[in-house]
Amino acid sequence: MTDPNCSYCAEGELLAAFGIKICELPMSKLILFKEQSHRGRVIVACKKHVDDITQLTQEERARYIEDINRVAECIHKTFRPDKINFGAYGDTMHHLHVHIVPKYKDDYEWGGVFAMNPHRTELTDAQYQELIDQIRANL
């Protein structure tokens, strides 16, 4: 099940507005969030177009959580954050996805909820590619 108007389903320009697809995992797509105020921030988007985790079967849900865990382990290994925040929202984007946000004690937002899109840190194409290569190497 996909939705041609959904950035996670359609990918292309819709996804490129905020992210770069890194790879596919068994139950999800791993996406680098372009706004990198928190170095290593990614999104784990379910491959199935559902609005909520309760719409997955028990097996699908277990596979999706495994993907999230695999990515979190990779982010810990790659970027060595002090903590990872997990954000699963859906007020405006009706496709199940989880933001994995590395937090560092010297962060401007340490101790608080991360801003969805603070518009603070955009990178060059080469810098995005470097992050993607580092993540892929540790997946």
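## Basis

The model is predicted, and local features need pLDDT of at least 70, side-chain atom pairs count only at pLDDT 80 or more, and totals for chains, interfaces and linings use all residues. Residues are numbered from 1 along each chain as its sequence is written, and side-chain values use heavy atoms, with hydrogens and water left out.

Five strands form an open sheet in the order 1-2-3-5-4, with antiparallel pairing. Strand 1 (19–24) and strand 4 (83–87) stand at the edges with a single partner strand each, so one side of each has no neighbour in the sheet. On average, neighbouring strands of this sheet are turned by 25 degrees against each other, direction ignored. Strands are DSSP runs (E, at least two residues), numbered from the N terminus, and two of them pair if DSSP finds at least two bridges between them. Axes are lines fitted to C-alpha atoms, and angles run from 0 to 180 degrees between N-to-C directions.

Strand 2 (residues 28–33) pairs with strand 3 over five antiparallel bridges; here Leu30 has Val44 as its bridge partner. Strand 3 also pairs with strand 5 (residues 97–103), over four antiparallel bridges, and Ile43 stands opposite His99. Strands 4 and 5 run antiparallel and are joined by five bridges, with Val101 as the bridge partner of Asn85.

## Strand 3

Strand 3 (residues 42–46) has five of its five residues buried (under 20% relative accessible area; exposed is over 50%, partly exposed in between, with a 1.4 Å probe and protein chains only). Val42, Val44 and Cys46 are on one side, and Ile43 and Ala45 are on the other.

## Cysteines

The structure holds zero disulfides (a disulfide is a pair of cysteine sulfur atoms within 2.5 Å). For Cys6, the nearest cysteine sulfur is that of Cys9, 3.9 Å away. Cys6 is buried, with a relative accessible area of 4%. For Cys74, the nearest cysteine sulfur is that of Cys23, 8.6 Å away. Cys74 is also buried, at 2% relative accessibility.

## The largest pocket

The largest pocket has a volume of about 230 Å³. A pocket is an open set of points on a 1 Å grid over the protein atoms alone, where a 1.4 Å probe fits, with protein on both sides within 12 Å along at least five of seven lines; lining residues have an atom within 4 Å of a point. The volume is the space filled by probe spheres set on the points, which are joined across faces, edges and corners.

The lining has 13 residues, and Thr92, Met93, His97, His99 and Met116 lie nearest the centre. The lining divides into seven nonpolar, five polar and one charged. Ala, Val, Leu, Ile, Met, Phe, Trp, Tyr, Cys and Pro count as nonpolar, Asp, Glu, Lys and Arg as charged, and the others, Gly among them, as polar.
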